[in-house]
Amino acid sequence: MAGYTDPPYRILMKEFEIPVLFTEMIDSHGLVHKNEKTMRMLGRRDSDLFTQIAAGTAALADHAVDVLMENATAGVNLNMGCPAKKVVSCGGGSNLLRVPKVIQTICEIVRKKAGRLPFSVKFRSGWDHHSLNFDEVGRIYEGEGVDFIILHARTRSDAFGGKAHWHHIRRLKEILKIPVIGNGDIVSYETAKAMREQTNCDGIAIGRGAIGNPWLYLQADAALRGAPPLSEPSPEERLRVIIRHYELILEYYGTGLSSHNFRKHLVGYMKSLPGHKAVKELLFADESVGLERLKNVLGEYFERLKTGVFSQAAS
């Protein structure tokens, strides 16, 4: 998720022992030109981090993978599902679903360049509901040696609205031999369990549902293992993770950009909690939020949360 799964977030997820992580979607143009900002998005390399790239042409994908091979990566992931206008207008993301022949050529090139590295693709069910072709492109991926696929069971025209069409995931499981990972509408232990039961998917990829809720990964893992749901994180655990996340952001971005970068995460962490609006307004009253101020304000808030007592301003 561009803007969210940045290096600080991924380090936090490593501390949660999440087994497979992907970079933010990396624009191949920036990668080929070794743009400083783009290269910084790659962040810390490690044995579990897949690099996700978007490329609208075979030539661009060819050059981008060459650059990737110069850097450590656990594997290559092609994003053929992003619905963003700026990505689609360059021919990448979900636009590729309209040109299966280009998909085939890109996959052939990347498979050859990646060698023994794991190669995966994330895609959508189709451009719109009049052109569903997830089964056609699924067969292309399998035929070109893609190791596993991730289907976000929505079309490009759906964007992020409505319900994901989980039966598309089930259909791919019926016709393909390679692992099929399901994606879409995973927000709880119950939804993770339901997706597995309804689709027989080989695994689950989680996106927006984990913003401010990294514990969702652990709940999904429990669901996939057939274990009972985990207890909700305590106020102390929520506070610990929020502070740790901000420490990582401060270390990576420095004091100048950290407050801005952290706001969207804090909104996610707080959205389901009582009195969150007043607390966020208090914290965001200043342009810059220091670590000690964050600790003090949230420490007091979570202490009140434990007792169920809130001031008028926080209720």
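Colleague: How many cavities of 30 Å³ or more are there?

Modeller: This is a predicted model, in which local features need pLDDT of at least 70 and side-chain atom pairs count only at pLDDT 80 or more, while totals for chains, interfaces and linings use all residues. Residues are numbered from 1 along each chain as its sequence is written, and side-chain values use heavy atoms, with hydrogens and water left out. On a 1 Å grid over the protein atoms alone, a cavity is a set of points where a 1.4 Å probe fits but cannot get out, whereas a pocket is an open set with protein on both sides within 12 Å along at least five of seven lines; lining residues have an atom within 4 Å of a point. By this rule, the number of cavities of 30 Å³ or more is 2.

Colleague: Which residues lie nearest the centre of the second largest pocket?

Modeller: This pocket has a volume of about 330 Å³. Helix α10 gives the most to its lining, with 3 residues. The lining holds 21 residues, and those nearest the centre are Val 187, Gly 209, Asn 213, Leu 216 and Glu 232.

Colleague: Are α4 and α6 roughly parallel or roughly antiparallel?

Modeller: The axes of α4 (residues 58-68) and α6 (residues 100-114) lie 9 Å apart at an angle of about 15 degrees. Axes are lines fitted to C-alpha atoms, for helices over the stretch in contact (heavy atoms within 4.5 Å), and angles run from 0 to 180 degrees between N-to-C directions. Angles under 35 degrees count as roughly parallel and those over 145 as roughly antiparallel. The angle therefore makes α4 and α6 roughly parallel.

Colleague: What is the handedness of the crossing of α11 and α14?

Modeller: Helix α11 (residues 235-253) and helix α14 (residues 291-307) pack at about 165 degrees, with axes 10 Å apart. That angle makes the two helices roughly antiparallel. A crossing is left-handed if the near helix is turned anticlockwise from the far one by less than a right angle, and right-handed if clockwise. The crossing of α11 and α14 is right-handed.

How values were computed. Grid points are joined across faces, edges and corners, and a volume is the space filled by probe spheres set on the points. Helices (H or I, at least four residues) and strands (E, at least two) are DSSP runs, numbered from the N terminus. Angles under 35 degrees count as roughly parallel, over 145 as roughly antiparallel, 65 to 115 as roughly perpendicular and the rest as oblique.
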